[in-house]
Amino acid sequence: MALLSHICISHFSSIAPSSSFSVSPTTFLQCSWLSTDSGNIRATNLCSNFNSLHCGKTLLRHRRNSPCFSMPSSSSPSRTSWDETGKRSKRVWIWTTNKQVMTAAVERGWNTFVFPSHHRQLAQEWSSIAVICPLFVNEGEVLDEQNKRVATIFDVSNPEELEGLRPEDEQAESIVVNLLDWQVIPAENIIAAFQRSQKTVFAISNNTSEAQVFLEALEHGLDGIVMKIEDVEAVLELKAYFDRRIEESNLLSLTEATVTHIQVAGMGDRVCVDLCSLMRPGEGLLVGSFARGLFLVHSECLESNYIASRPFRVNAGPVHAYVAVPGNRTSYLSELKSGKEVIVVDQQGHQRIAIVGRVKIESRPLILVEAKIESDNQTISILLQNAETVALVCPPQGNTLSKTAIPVTSLKVGDEILLRIQGGARHTGIEIQEFIVEK
């Protein structure tokens with residue numbers, strides 16, 4: 001059993017996915033434990049003095065001789081933390097009086113809780129059963145246990161109040177904005193105004209949908225959110241949202257495979273997936289007839305003499321085929337529809353989540369492509385529309401990406417293409433451990 005350090009982490013970044021729990025390089029978390037034998041987490045601003053641990057949980061009985069909260073130290077050279085991609089880390093505070101919400105949040109790594117000033121007794125009660133960092137709201141300010149101001153709260157209900165919000169006006173390191181009317185446009189204006197400021201800007205959110213708006217506005221989003229909730233489901237939804245962000249930061253392992261057989265297959269119902277995002281050369285969707293091996297099918301972003309490029313589209317294959325979706329899951333192409341999410345992957349395994357804008361199912365001539373990898377004699381196959389605009393992504397050539405894809409009409413036995421090899425057994429798209437034969 002791994003030794004556990006009784007520490008409270010103000011900020012950390014993941015270096016490898018092999019750590020003992022999921023960590024997002026784009027997410028600010030407070031953690032009540034971590035494995036000391038992992039060796040792949042960097043931590044700063046540690047505070048200790050905990051005296052007992054309930055194994056398998058993040059709830060800890062403890063006593064503290066010094067305050068522990070998620071704000072950076074005032075002596076820190078930079079008040080804003082940055083993840084390994086150069087983006088600001090996202091921070092989460094929980095504002096609740098529900099003990100079940102507190103428990104769910106702590107077990108998922110969020111330990112900073114906001115209380116009204118008259119609920120100090122509740123904060124003490126929760127501190128006796130869990131490692132938490134309590135903050136208190138009093139007359140428009142957020143205070144720590146020593147009554148030191150760590151943030152200022154601003155209610156914004158009209159353009160004049162928003163215009164009056166200036167980075168240089170406040171002494172506190174953090175600003176909490178309570179948007180009482182519009183949300184998206186004010187959030188974008190705040191991001192624009194504070195983009196060069198060292199201040200951390202939070203927005204109060206009542207649900208996960210609002211939180212997502214604040215965290216993604218103008219692409220970069222606000223620095224953090226204060227989740228004012230009384231429902232455990234909101235904590236679970238927020239964790240699922242951050243898990244999707246974690247997934248995007250991971251590099252997928254793609255395997256080179258050799259085409260072994262090509263055959264015209266007749267007519268079938270094929271699916272065009274039109275995304276709400278533009279794809280670049282080398283990007284596409286992971287699709288296949290077998291869940292154990294998915295082909296990287298290229299988008300229609302490449303120019304041709306006969307048809308305009310459609311960089312938002314992947315001509316993905318017949319209705320029966322699997323397609324990779326977030327959460328290490330698969331979906332049938334026939335199940336995709338507007339609003340669903342898929343994973344866009346490039347030649348080197350970088351991935352991002354994209355929203356499906358439209359799905360078109362039409363009867364078209366198909367071609368069967370079979371391939372094998374060196375380490376496995378099993379055949380992996382895919383059916384695709386037999387057309388020049390449909391292509392399979394090939395391996396990158398050294399450091400150059402000059403050759404990105406091979407049209408199925410030009411494909412020949414011996415060509416190299418890219419596969420995603422994974423577990424074959426699936427139940428409702430979730431990988432399971434069982435014996436299965438796919439052929």
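**Note on the predicted model**

1. The chain exposes about 20700 Å² of surface, and 49% of that area is supplied by carbon and sulfur atoms. This is a predicted model, and each point below should be read with that in mind. Of the 439 residues of the chain, 50% count as buried, and the secondary structure comes to 6 helices and 28 strands. Among contacts with a separation of 6 or more, 62% are accounted for by residues 24 or more positions apart.

2. The interior deserves attention next. In soluble globular proteins, nonpolar side chains tend to be buried together. Here the largest nonpolar core has 41 residues, and F113, I190 and L238 are those with the most contacts inside it. Leaving aside its neighbours within four places in sequence, L238 is in contact with V92, W110, T208, A211, I225 and M227. Another core lies apart from the largest one and has 37 residues, including L275, A321, V356 and I417.

3. W182 is placed in the loop between β12 (174–179) and α4 (184–194). With a relative accessible area of 57%, W182 counts as exposed because it passes the cut-off of over 50%.

4. The C-alpha atoms of G349 and S253 are separated by 6.0 Å, although the two residues are 96 residues apart along the chain. G349 is buried, with a relative accessible area of 0%.

5. Side chains of opposite charge can pair when their charged atoms come close. The count in this model comes to 11 salt bridges. One of them joins E362 to R270, with the closest N and O atoms 2.8 Å apart, and this pair links distant parts of the chain, since E362 is in strand β22 and R270 is in strand β15 (residues 255–275), 92 residues apart. R270 is buried, with a relative accessible area of 5%, whereas E362 is partly exposed at 25%. R270 and E362 also belong, together with R364, to a network of salt bridges.

6. A salt bridge also joins R358 and D274, whose closest N and O atoms are 2.8 Å apart. R358 lies in strand β22 and D274 in strand β15, so the pair ties together parts that are 84 residues apart in sequence. R358 is partly exposed, with a relative accessible area of 41%, while D274 is buried, with a value of 2%.

7. D274 has a further partner, because its side chain is joined to that of R313 by a polar contact of 2.7 Å, which falls within the 3.5 Å cut-off. R313 is in strand β18 (residues 313–318) and is buried, with a relative accessible area of 9%. Not counting residues up to four places away in sequence, R313 touches C272, V273, D274, M279, S299, E300, R358 and K360.

8. D415 is buried, with a relative accessible area of 11%.

Note on methods
Residues numbered from 1 in each chain as written. Predicted model: local features only at pLDDT ≥ 70, side-chain atom pairs only at ≥ 80, totals over all residues. Heavy atoms only, no water. Core = buried A, V, L, I, M, F, W, Y, C linked by side-chain atoms within 4.5 Å. Buried < 20%, exposed > 50% of the residue type's maximum accessible area, 1.4 Å probe, protein only. Contact = heavy atoms within 4.5 Å. Helix = DSSP H or I, 4+ residues; strand = E, 2+ residues; numbered from the N terminus. Areas by Shrake-Rupley, 256 points an atom, 1.4 Å probe, with all protein chains shown as cover. Polar contact = N/O pair within 3.5 Å; in protein donor to acceptor, adjacent residues only side chain to side chain. Salt bridge = Lys/Arg side-chain N within 4 Å of Asp/Glu carboxyl O.
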